[in-house]
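Hello,

Here is the structure I promised to pass on. Please open it and keep it beside you while you read my notes on its pockets.

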Amino acid sequence: MRKLSYFVACSLDGYIATTDRRVDWLAHEGDYGYSEFLEGVDVILIGRTTYDLAFLLSGKWLMPGKKAWVFSTTRTDSPFKEVSFAQGDALAFVKKLKAKKGKKKIWLVGGSNLAGQVMEEVDELVVTIHPVTLGEGVPLFSKRDVRIHWRLRSTNSWPNGLVQLTYDRAGL
């Protein structure tokens with residue numbers, strides 16, 4: 001079975017974006033393991049808001065060679081050939097996708113609403129914490145009544161204060 005990984009950046013107080021969806025507070029002077037992680041991914045799952053802000057507004061597909069599924073109740077078409085849209089039960093969709101053959105990981109790009117819907121299927125959690133507090137914003141996870149135990153696999157830190165925590169679902 002394929003693994004689903006939630007690789008995400010957040011503020012020290014647990015937000016992935018400001019209330020108006022900005023991410024200009026993220027540190028950009030390093031790679032922070034992103035390139036290596038991306039090499040191990042062939043499918044990405046994206047919430048519609050993240051897709052609109054990170055991909056559609058840029059006018060170019062930023063993930064060459066990666067198949068993307070965007071979860072949306074309003075959108076059904078994309079200017080990018082790699083993008084398809086999914087509607088309905090995100091958790092059921094993810095279960096089916098994980099059961100399909102594939103050698104690489106599935107990356108849950110965002111956002112917190114989609115992460116909350118499929119969290120019980122996430123196998124790996126990679127959180128890069130940026131040393132900034134936002135006070136409010138889009139939370140790392142939307143509120144879900146799902147308790148999951150995680151096992152710390154590794155930590156990385158950088159001189160600018162970023163800390164990356166990599167967890168595996170306990171019991172896997």
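**Pockets in the model**

By class, the lining of the second largest pocket holds three nonpolar, six polar and four charged residues. Bear in mind that this is a predicted model.

Stay with that pocket for a moment. Its volume is about 230 Å³. The second largest pocket is lined by 13 residues, and Gly33, Glu36, Phe37, Arg153 and Thr166 are the closest to its centre. Where does the lining come from? At least two residues each are supplied by α1 (34–39), β7, β9 (150–157) and β10 (163–169). Of these, β9 gives the most to the second largest pocket, with three residues.

Now turn to the largest pocket. About 1,300 Å³ of space lies in it. It is lined by 44 residues; Val23, Thr50, Ala54, Val109 and Gly110 are the closest to its centre.

Several elements build this lining. β1 (4–11), β2 (15–17), α2 (48–56), β6 (105–110), α4 (112–118) and β7 (124–130) each supply at least two residues to the largest pocket. Which element has the largest share of that lining? It is α2, with six residues.

What classes of residue line the largest pocket? There are 23 nonpolar, 17 polar and four charged residues.

Best wishes

Notes:
Residues numbered from 1 in each chain as written. Predicted model: local features only at pLDDT ≥ 70, side-chain atom pairs only at ≥ 80, totals over all residues. Heavy atoms only, no water. 1 Å grid on protein atoms, 1.4 Å probe; cavity = no way out; pocket = protein on both sides within 12 Å on 5 of 7 lines; lining within 4 Å. Points joined across faces, edges and corners; volume = space filled by probe spheres on them. Helix = DSSP H or I, 4+ residues; strand = E, 2+ residues; numbered from the N terminus. Nonpolar A, V, L, I, M, F, W, Y, C, P; charged D, E, K, R; others polar.
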